[in-house]
Amino acid sequence: MTSPIPKPMLTSLQRLAWWGRWPVSVQAVMLQLAVAPMTWLIVWVMGSIGVPLSWWQVTVLQGAGAALFSRLVGLPVWWWWIQAGFWPLLLLALQWQLPVWVPALLFALILAIYGGGIGSRVPLFLTSRKTCSHLATVLPADAELRFLDVGAGLGGVLGYVQARRPGWHCEGIERAWLPWLIGKLRLWVGRSAAVWQHGDFNRLDWSNYDIVYAYLSPAPMAQIWRKVEAEMRPGSIFISNSFDIPGVTPDQVVETGDWNHARLLIWYR
Ligand SMILES: C[S@@+](CC[C@H](N)C(=O)[O-])C[C@H]1O[C@@H](n2cnc3c(N)ncnc32)[C@H](O)[C@@H]1O
């Protein structure tokens, strides 16, 4: 997928070692702090020309600024939403005097959906049907192979591949609880033979699989490649949806023509 983020802005901050050392949550707070003086400057200018901003406008302004900065420096996509929504939601909670469990529940829900990717900086987004159909065309036709989707989301790719390669052992592993649960139900309802695991793909031995499929994010790809090199057997195949391995050219690239410019990057071991 082509990054929607202008590269120079993205790389200049990320190249700073001190910045990259901080956890994303701390980076998010620092971006909020960086935006705050600009917000207050706008508030002051508007006030002094006789157009005072309401608290709602101020929180939306601050949230939009922080979300924009988060996007520019390449924070994972869910942080854009957290940054944008934090202050307006806090104001809403204060004005409506919402019980404390409401924001706690919201937070728990976000954690259940995205919690799997917090450490590895991999959000939940899904391989499209179109990309799935391209994937099916590049998969070998052998009757019996072992396929693994690492970070399997809602089990869509897994169910798709299992349905097209019924003789294969297809397995998916997902760490976030809510997507895992939805995937479990989905595969059960579809009577799929695919094996659905909850857990961390880093703890799995990839030498047990002929094909490993990954749709993750740029952040873990160097580490993923070290695992591929250490564990995947000669003759096996590693496929990354859209995200390059830094410095390692794929053996084959399949353009899917999808709306998000998804590409299948394939390495034959
Ligand atoms: C971009 S989604 C891809 C979902 C699915 N493979 C697809 O293509 O539709 C990546 C998923 O990986 C999960 N994930 C991130 N790090 C993981 C880890 N270390 N172990 C297992 N799952 C992980 C995230 O929770 C997220 O659901």
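Author: Start with burial. A residue is buried if 20 or more other C-beta atoms lie within 10 Å of its own, exposed if 12 or fewer, and partly exposed in between; the C-beta atoms are placed from the backbone. By that count, 33% of the 269 residues in the protein are buried. Two ground rules follow. This is a predicted model, in which local features need pLDDT of at least 70, side-chain atom pairs count only at pLDDT 80 or more, and totals for chains, interfaces and linings use all residues. Residues are numbered from 1 along each chain as its sequence is written.

Reader: What pLDDT does the protein average?

Author: pLDDT is the predictor's confidence in each residue, from 0 to 100. The protein averages 87, and 89% of the residues score at least 70. Residues 1-8 stay under 50. For that stretch the model has nine contacts beyond four places in sequence. Two residues are in contact if their C-beta atoms, placed from the backbone, lie within 7 Å.

Reader: How many helices and strands are there in the protein?

Author: Helices (H or I, at least four residues) and strands (E, at least two) are DSSP runs, numbered from the N terminus. The protein has ten helices and seven strands.

Reader: In what order do the strands form the sheet?

Author: Two strands pair if DSSP finds at least two bridges between them. Here seven strands form an open sheet in the order 3-2-1-4-5-7-6, with mixed pairing. Strand 3 and strand 6 (252-255) stand at the edges, each with a single partner strand, so one side of each has no neighbour in the sheet. From one strand to the next, the twist averages 20°. Angles run from 0 to 180 degrees between N-to-C directions, and axes are lines fitted to C-alpha atoms, for helices over the stretch in contact.

Reader: Which strands pair with strand 2, and over how many bridges?

Author: Take each side in turn. Strand 1 (residues 146-150) is joined to strand 2 by five bridges, and the two run parallel. In that pairing, Phe147 has Cys170 as its bridge partner, and Asp149 has Gly172. Strand 2 (residues 169-174) also pairs with strand 3 (residues 195-198), in the parallel sense, over four bridges. There, Ile173 is partnered by Gln197 and Glu174 by His198.

Reader: Why is strand 2 largely enclosed?

Author: Five of its six residues are buried, so the rest of the structure largely encloses strand 2.

Reader: Where does helix 8 lie?

Author: Helix 8 lies across strand 1, strand 2 and strand 4, at about 180° to strand 2. Its buried residues include Val157, Leu158 and Val161. The buried residues pack against helix 7 (129-138), strand 1, strand 2, helix 9 and strand 4 (211-214).

Reader: Take Val157. Is it buried or exposed?

Author: Val157 counts as buried because it has 23 C-beta neighbours inside 10 Å. Val157 sits in helix 8 (residues 156-164). Beyond four places in sequence, it touches Thr127, Cys132, Asp149, Ala152 and Tyr213. Cys132 is 25 residues away along the chain, yet the two C-alpha atoms are separated by 6.5 Å.

Reader: Which residues of the largest nonpolar core touch the most other members?

Author: A nonpolar core is a set of buried Ala, Val, Leu, Ile, Met, Phe, Trp, Tyr and Cys residues joined through C-beta atoms within 7 Å. The largest has 34 residues; Phe147, Ile211, Val212, Tyr213, Ala214 and Phe238 touch the most other members. Elements that each supply at least two residues of this core include helix 10 (221-231), strand 5 (237-241) and strand 7 (263-268). A second, separate core of eleven residues includes Ala28, Ala66, Val73 and Trp79.

Reader: Which residues other than glycine have positive phi?

Author: Arg191 has phi near 50° and sits in the loop between helix 9 and strand 3. Arg191 counts as exposed, with 7 C-beta neighbours inside 10 Å. Ser242 has a phi of about 75° and lies in the loop between strand 5 and strand 6. Ser242 is buried, with 22 other C-beta atoms within 10 Å.
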